[in-house]
2 protein chains.
Amino acid sequence: MTVTTPRGFRAAGVAAGLKASGAPDVAVVVNDGPDAGVAGVFTTNRVKAAPVLWTEQVLRAGGVRVVVLNSGGANACTGPAGFQDTHATAEHTAAELTSTSGREFGAGEVAVCSTGLIGERLPMDKLLPGVGAAIRGLAADGGDAAAEAIMTTDTRPKTTVISGAGWTVGGMAKGAGMLAPGMATMLCVLTTDAVAEPETLDAALRAATRVTFDRVDSDGCMSTNDTVLLLASGASGTTPSAAELTAAVTAACHDLAQQLLADAEGATKEVAIEVVGAAGEDDAVEVGRAVARNNLVKTALFGNDPNWGRILAAVGTTAAAFDPDAIDVAVNGIWVCRSGAAAEDRSKVDLTGRDVTIRIDLHAGAAEATVWTNDLSHAYVHENSAYST
Amino acid sequence: MTVTTPRGFRAAGVAAGLKASGAPDVAVVVNDGPDAGVAGVFTTNRVKAAPVLWTEQVLRAGGVRVVVLNSGGANACTGPAGFQDTHATAEHTAAELTSTSGREFGAGEVAVCSTGLIGERLPMDKLLPGVGAAIRGLAADGGDAAAEAIMTTDTRPKTTVISGAGWTVGGMAKGAGMLAPGMATMLCVLTTDAVAEPETLDAALRAATRVTFDRVDSDGCMSTNDTVLLLASGASGTTPSAAELTAAVTAACHDLAQQLLADAEGATKEVAIEVVGAAGEDDAVEVGRAVARNNLVKTALFGNDPNWGRILAAVGTTAAAFDPDAIDVAVNGIWVCRSGAAAEDRSKVDLTGRDVTIRIDLHAGAAEATVWTNDLSHAYVHENSAYST
């Protein structure tokens, strides 16, 4: 139940030897049409990996029918040689597809995504044979293998399917750290067999990521490689309305974003920060993010401590409209702070579970937004202090 | 060698029972003149503790001759009742000083500083008798006792003395967590026996904090209580130039800021992030802060891992002027990144010591700035997940 659930798609995942563990590390997704619709959203980090630069470029031309993805190396901060590696990967993918399918493929139809350690070249002598093996293994039920091959520190693959009336959206994602706005750090490929104009696809994807992936802020760190692609085959012959398509893509992104949050490196809590009573949605998001990124709030949550004073201190760093003496804060339903001061007994707050909801009422308007984050745990420090060594 | 080293000051520190440990928790510093010069810099957090609101107010009127400080409670997010507690503390301090000294003191001459847990009222039945005891214990050599009484999670008191030609600047500070710009979270009282106009004092203090405390970003968390006060007695009879005074106050602030950094909660590294080649000083500070606040960089440093890719990813989140393909990064003198890609062998970097220098050359201009931070360790998580429980 993943990228190959919608009709018109094949996928594969293989082990090419990029990962020292020998686990699968190369995936290919092919859109067999009849349409070749595509939309993409990318990291807003100004230090962009070579595959992001490449894929942004080919998407501008349109007509992308193939996505090739690798884990085991981000190909970021690798200079012109790294970009050449991405280009060569796309060329090789197109050539292999042409020779195995009899159809003509060009490098400009191939999007490339990479994930792993920043700053090292990819071992092309392993990657290119792996791409060939994946292409030879392309199958209509290959989506699960592809989802497994893009994992890095993920403990499990993330896939989703959302059904429309006669059409479907499928998806896969990876990501467990560097999850922050301007894209939760991750790769995500969504597929649909709906018939949709390029503008409709693009609008649906942007609307979806804005309220899902862009509002996951696990550790405040923005990646160089984030990419979300949406491919449309049109194979269902059904044309949903723009609203229907947007709703389905949003549901798929929401499902995958919550799976990312649940699998975040070392996290013991999944935290929803609901900001209500804001003067505008931007204010609500800014406040949510400031709380999500505050290490003292995050460590308190790890310690099952409903330390609302740290929450107020974080809110106070923002430019959002509010009166410090009018803020209410509830932690898991207990209003521990009313009008900026202590209210219900904090000992009533039960933080022993994995799910935490922090509700902040700014009493400054009617807008609201939810930002999702994790706690800051010993395991996060352990995992991220040992990642590249 | 602290706030009582300059002539014209007395101080004291006593245990009033605010801290469960029974350690000293109330300090008083009195300026015996002849001048009553004062300048102050405060947290830029919009959620300000009651003593900050009070002290900002009395400083606007000028003529502050007394600072009363307590640890064991921040009196932040305590509403109008908390502000009344601060007001009552100032009134009580003035009354006690009047009765013991024979001189007339008013509450408007008393600055108040508090530090400790946010969101709880201070136990006034303990605080006010403690203030009385401190005033009765005021002594010309009481600076060290005062410095000890303002400690919270600090493992040691922080004091400094900078000598001019016939005049001196002394200081004390506390702070070990919530150290972030818009003031490294802390209380700091500086004293001088120099003769100086209020405008000169104010300009000297602002110039000093801008390049010292404001550039310490230990954990990205901004406090509700940060206060830096500079009192001038004029007792030396010497009037230094504005430049001399600024240099001495800056040196005192730098010394205390480095002591804060060295004592930051759970830190195993003191990290100087030197940003050079920036188009402007604001760009350099923005880049330095972005790196200082990046949890993936901080955990990598804890793991002795010169992960320059994470440094570039952090730089890429800023709006500073730079070309991603032109950035150089050195870690402890080894240029592991040149022109945005791998350069010298990262295994040459020795990160086993406590001091770390990250030098980032943006190649975009001639401006530079240094931001100081710490690593993110297991001990930080431990200490901050258990603080209020």
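This is a predicted model: local features need pLDDT of at least 70, side-chain atom pairs count only at pLDDT 80 or more; totals for chains, interfaces and linings use all residues.
The same surface serves both copies, since 100% of the contact residues of chain A recur in chain B.

The contact between the two chains takes 51 residues from chain A and 52 residues from chain B. About 4,100 Å² is buried between chain A and chain B, and carbon and sulfur atoms give 59% of this area. Zero salt bridges are counted between chain A and chain B, whereas four residue pairs, both members at pLDDT 80 or more, are in polar contact across the interface. On the side of chain A that touches chain B, the elements giving two or more residues are α8 (295-302), α9 (308-315), β13 (341-342) and α10 (378-385) of chain A. Of these, α10(A) provides the largest share, six residues. Classified by residue type, this side of chain A has 23 nonpolar, 23 polar and five charged residues.

Although salt bridges are absent between chain A and chain B, a search of the whole structure finds 32 of them over all chains. One of these joins E109(A) and R65(A), with the closest N and O atoms 2.7 Å apart. E109(A) is placed in the loop between α2 (79-101) and β5 of chain A, and R65(A) in the loop between α1 (50-61) and β4 (66-70) of chain A, so the pair ties together parts that are 44 residues apart in sequence. Both residues of this pair, E109(A) and R65(A), are buried.

A salt bridge with an N to O distance of 3.3 Å is formed by the side chains of R210(A) and E281(A). Here the pair ties together parts that are 71 residues apart in sequence, because R210(A) lies in helix α5 (residues 198-210) and E281(A) in helix α7 (residues 281-292) of chain A. R210(A) is partly exposed, with a relative accessible area of 42%, and E281(A) also counts as partly exposed, at 31% relative accessibility.

In chain B, a salt bridge is found between E274(B) and R359(B), the closest N and O atoms being 2.8 Å apart. This pair links distant parts of the chain, with E274(B) in strand β10 (residues 270-278) and R359(B) in strand β14 (residues 355-361) of chain B, 85 residues apart. E274(B) has a relative accessible area of 22% and is partly exposed; R359(B), at 32% relative accessibility, is likewise partly exposed. Elsewhere, D154(A), R156(A), K158(A) and D263(A) are joined into one network by salt bridges that share partners.

S114(A) belongs to strand β5 (residues 110-114) of chain A. With a relative accessible area of 1%, S114(A) falls in the buried class, because buried means under 20% relative accessible area. The side chain of S114(A) makes a polar contact of 2.7 Å with that of N70(A). Residues up to four places away in sequence not being counted, S114(A) touches P51(A), N70(A), G73(A), A74(A), N75(A), L122(A), L187(A) and N225(A).

Conventions: Residues are numbered from 1 along each chain as its sequence is written. Chains are lettered from A and ligands numbered from 1 in the order in which they are written. Side-chain values use heavy atoms; hydrogens and water are left out. Contact means heavy atoms within 4.5 Å. Buried area is the accessible area (1.4 Å probe) that two parts lose on being put together, summed over both. A salt bridge is a side-chain nitrogen of Lys or Arg within 4 Å of a carboxyl oxygen of Asp or Glu. A polar contact is a pair of N or O atoms within 3.5 Å; within protein, one must be able to donate a hydrogen and the other to accept it, and residues adjacent in sequence count only if both atoms are side-chain atoms. Helices (H or I, at least four residues) and strands (E, at least two) are DSSP runs, numbered from the N terminus. Ala, Val, Leu, Ile, Met, Phe, Trp, Tyr, Cys and Pro count as nonpolar, Asp, Glu, Lys and Arg as charged, and the others, Gly among them, as polar. Buried means under 20% relative accessible area, exposed over 50%, partly exposed in between (1.4 Å probe, protein chains only).
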